[in-house]
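My notes follow in the order in which I checked things.

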Amino acid sequence: MATGRTHRPATRSRGIPEATVARLPLYLRALTGLSERSVPTVSSEELAAAAGVNSAKLRKDFSYLGSYGTRGVGYDVEYLVYQISRELGLTQDWPVVIVGIGNLGAALANYGGFASRGFRVAALIDADPAMAGKPVAGIPVQHSDDLEKIIEDNGVSIGVIATPAGAAQPVCDRLVAAGVTSILNFAPTVLTVPDGVDVRKVDLSIELQILAFHEQRKAGEESAAAADERGPAAARKESTEQGPDGDVPAVMPA
C-alpha cells in the first residue's frame, strides 16, 4: 500500500492554483453526496450551488483538471469523484499522527470521516505518562518520547497538532525533524516551519470572533433600519435631546 512518505499529490506540478486546490474538497464533498444518492450527472449550476461557489468559478476550476462536462448533460459524477480524489492524493493511504490527546485530540481521533477520505490515524501521541496505553477510539495512546520512532515506523508525513499553545512549536519542530512535511495545527498559535513544510491552521476562536463581528454588524443594520422606520422627526428629536446643563447634547462629539 502506498504511503504519504513516497507519493505526493500532483496538483502543484500541474500548475493548479492554490485557490482552486482549496475548493476541490468542497466539490468532492458535494459530489460524494450526489454519488451516495446514485445521481449520475450534475450541471455546473447545481454542483456550484451545492459547493457554495458560483458556476463560472467552478467551470474555471474544472478546466485545470481537464474536465469540461458535456453540453446539455453536465458532468459525470463518478468520474469527477475519481478525478478530484486523484488530484488531492486521496486514492492512496495517508497515515496521520495526532499529537495532544486532550478533549480536542480525542474528538479528532473519534472522527469517523478520516478513513473514508483517504486518511488513516496511525498513532495517537501525548506527553502525559498517565495517558500511555489508554485506548482512544480503539487506538492506544503512545508517549511523546517515542514520537520520532512512531513516525519512522509508520511512514508518516502528515501530523495533527492538538496540544496547548505553549507546546505546539516544540512538537512541530520534532515532527519536522522526524520527516513530517505537512501539519494541521489546532493549537492557538502560529507555527514557524522551514521551506517545504506545509501548515494549515484551524483556530476555532478566530472563526467565532469573525462570526461575532458579523452578528454585531447585523445588529447595527437592524438598529439603523428601525430608526428609518421611526422617521426623520424621531431622529431629529434624538439628536437634539438636551443634557443636564440645558443646551449641552447628551452625548458629546469626540
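Which residues in helix 1 meet which residues in helix 3? I found Thr20, Arg23, Leu24 and Tyr27 in helix 1 meeting Lys57, Leu58, Asp61, Phe62, Tyr64 and Leu65 in helix 3, where contact means heavy atoms within 4.5 Å. By class, this contact has 6 nonpolar, 1 polar and 3 charged residues. Here Ala, Val, Leu, Ile, Met, Phe, Trp, Tyr, Cys and Pro count as nonpolar, Asp, Glu, Lys and Arg as charged, and the others, Gly among them, as polar.

I note the source: this is a predicted model, in which local features need pLDDT of at least 70 and side-chain atom pairs count only at pLDDT 80 or more, while totals for chains, interfaces and linings use all residues. Residues are numbered from 1 along each chain as its sequence is written, and side-chain values use heavy atoms, with hydrogens and water left out.

Helices (H or I, at least four residues) and strands (E, at least two) are DSSP runs, numbered from the N terminus.

I then looked up the axes of helix 1 (residues 18-36) and helix 3 (residues 55-65), which come within 11 Å and cross at roughly 105°. Helix 1 is therefore roughly perpendicular to helix 3 (65 to 115 degrees). Axes are lines fitted to C-alpha atoms, for helices over the stretch in contact, with angles from 0 to 180 degrees between N-to-C directions.

Next I checked charge pairs. Arg23 forms a salt bridge with Asp61, with 2.7 Å between the closest N and O atoms; the rule is a side-chain nitrogen of Lys or Arg within 4 Å of a carboxyl oxygen of Asp or Glu. Arg23 is in helix 1 and Asp61 in helix 3, so the pair ties together parts 38 residues apart in sequence. I get a count of 8 salt bridges by this rule.

For the sheet, I read 7 strands in the order 5-6-4-3-7-8-9, open and with mixed pairing; two strands pair if DSSP finds at least two bridges between them. Strand 5 (135-136) and strand 9 are the edge strands, each pairing on one side only.

Strand 7 (residues 158-161) and strand 8 (residues 182-185) run parallel, joined by 4 bridges. I find Ile158 opposite Ser182 and Val160 opposite Leu184. Strand 8 also runs parallel to strand 9 (residues 198-201), again with 4 bridges, and Ile183 has Val199 as its bridge partner there.

Last, I looked at helix 8, which lies across strand 3, strand 7 and strand 8 and runs at about 170° to strand 7.

Technical notes:
Parallel < 35°, antiparallel > 145°, perpendicular 65-115°, else oblique.
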